[in-house]
Amino acid sequence: MSTTTELTNWQSVHDEVLRRIHTREWKPGDQIPKEVELAEELGCARATVNRALRELAAEGFLDRRRKAGTRVATHPVRRARLDIPVIRLEIEGRGQKYTYGLLLSERRSPPPEICANLGVTADSDMLHITSLHLADGKPYMFEERWVSVAATPEIVDADLSKISANEWLVLHAPYTKGDISFSAVLASENEAKILRTQKNEPLFLIERTTWEGEQGITSARLVFAPGYRMHTAL
């Protein structure tokens with residue numbers, strides 16, 4: 001089925017391709033038209049089609065293979081997408097007042113586990129940061145982070161007492177890939193003190209590492225106060 005409507009932005013192309021998949025106009029396993037053909041049919045630039053197809057592949061609806069073209073995924077499954085949130089905006093989005101305290105900022109060599117996470121050597125120049133994010137004056141999240149100075153040299157001049165490393169990196173350090181894990185941990189004595197809870201209290205932990213190409217940017221350990229609930233859309 002063709003359309004005479006000109007679709008001039010990637011989101012409208014995305015929605016049209018998704019419609020064809022959902023209505024089985026393009027069935028699972030079918031090869032879809034080439035980008036140049038879709039661009040001509042839909043009245044838009046090829047780059048617009050490319051962006052839409054990349055998004056649909058990331059969402060799990062298309063299977064894109066170099067030299068083999070693009071096919072509808074055999075078992076289309078919508079994938080959850082996890083963006084790196086700015087903690088300040090997350091707290092303010094809950095209608096709470098955000099405050100932040102920088103606990104430690106030092107340049108030093110990384111320990112072995114950070115070398116393994118980021119693919120750096122023991123003599124690498126790293127920024128080690130710990131901080132506390134608060135919501136309505138109560139501890140919300142304790143952050144321990146290592147940042148590669150080689151990957152983000154500008155962070156050395158950033159005033160991390162006024163802007164958190166989390167927010168600074170989201171604004172200034174684009175990444176191409178990342179690794180994230182979720183787990184429950186028992187509060188250490190130090191974490192319990194900082195988060196104003198009891199030692200061995202169950203806490204929610206996020207560990208996240210990001211890279212720009214093959215260069216490690218940052219590895220963060222985020223420990224949330226009791227009662228934290230994570231929400232994401234599917």
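The side chains of E143 and R145 meet in a salt bridge, at 2.6 Å from N to O. By salt bridge I mean a side-chain nitrogen of Lys or Arg within 4 Å of a carboxyl oxygen of Asp or Glu. Both partners here, E143 and R145, are buried. Buried means under 20% relative accessible area, exposed means over 50%, and partly exposed is in between, with a 1.4 Å probe and protein chains only.

A word on the model. It is predicted, so local features need pLDDT of at least 70 and side-chain atom pairs count only at pLDDT 80 or more, while totals for chains, interfaces and linings use all residues. Residues are numbered from 1 along each chain as its sequence is written, and side-chain values use heavy atoms, with hydrogens and water left out.

Back to the charges. Side chains of opposite charge can pair when their charged atoms come close. How many salt bridges does the rule give? The count is 16.

Take D125 and R107. Their closest N and O atoms are 2.3 Å apart, and they form a salt bridge. This pair links distant parts of the chain, 18 residues apart. D125 sits in the loop between α5 (112–118) and β4 (126–135), and R107 in strand β3, residues 98–108. For those element names, helices are DSSP runs of H or I with at least four residues, strands are runs of E with at least two, and numbering starts from the N terminus.

Next, D159 and K162. Here the salt bridge has its closest N and O atoms 4.0 Å apart. D159 is partly exposed at 38% relative accessibility. K162 is exposed, at 71%. There is also a network: salt bridges with shared partners join E16, R19, R20, E25 and E41.

Some of those names come back in the helix packing. Two packed helices are described by the angle between their axes and the distance between the axes. Helix α1 covers residues 10–22, and helix α2 covers residues 35–42. They pack at about 105°, with axes 12 Å apart. The axes are lines fitted to C-alpha atoms, for helices over the stretch in contact, and angles run from 0 to 180 degrees between N-to-C directions. So α1 and α2 are roughly perpendicular to each other. The cut-offs: under 35 degrees is roughly parallel, over 145 roughly antiparallel, 65 to 115 roughly perpendicular, and the rest oblique.

Which residues make the contact? From α1, V13, E16 and R20; from α2, L38, E41 and L42. Contact means heavy atoms within 4.5 Å. By class, the α1 and α2 contact has three nonpolar, no polar and three charged residues. Nonpolar covers Ala, Val, Leu, Ile, Met, Phe, Trp, Tyr, Cys and Pro; charged covers Asp, Glu, Lys and Arg; the others, Gly among them, are polar.

Stay on α1 for L18. L18 lies in that helix and is buried, at 13% relative accessible area. Setting aside neighbours within four places in sequence, L18 is in contact with L56 and F61. From L18 to S109 is 91 residues in sequence and 49 Å in space, C-alpha to C-alpha.

Now Q96. Q96 is in the loop between α4 (87–93) and β3. At 26% relative accessibility, Q96 is partly exposed. Beyond neighbours within four places in sequence, Q96 is in contact with I91, A135 and D136. The C-alpha atoms of Q96 and L134 are separated by 9.3 Å, and the two residues are 38 apart along the chain.

Cysteines, quickly. How many disulfides are there? Zero, where a disulfide is a pair of cysteine sulfur atoms within 2.5 Å. C44 is buried, at 14% relative accessible area. C115 is buried as well, at 15%.

Last, backbone angles. R24 has phi near 65°, a positive value in a residue other than glycine. R24 is in the loop between α1 and α2, and is partly exposed at 45% relative accessibility. N200 has phi near 70°, again positive in a residue other than glycine. N200 lies in the loop between α7 (189–195) and β7 (202–212). N200 counts as partly exposed, at 45%.
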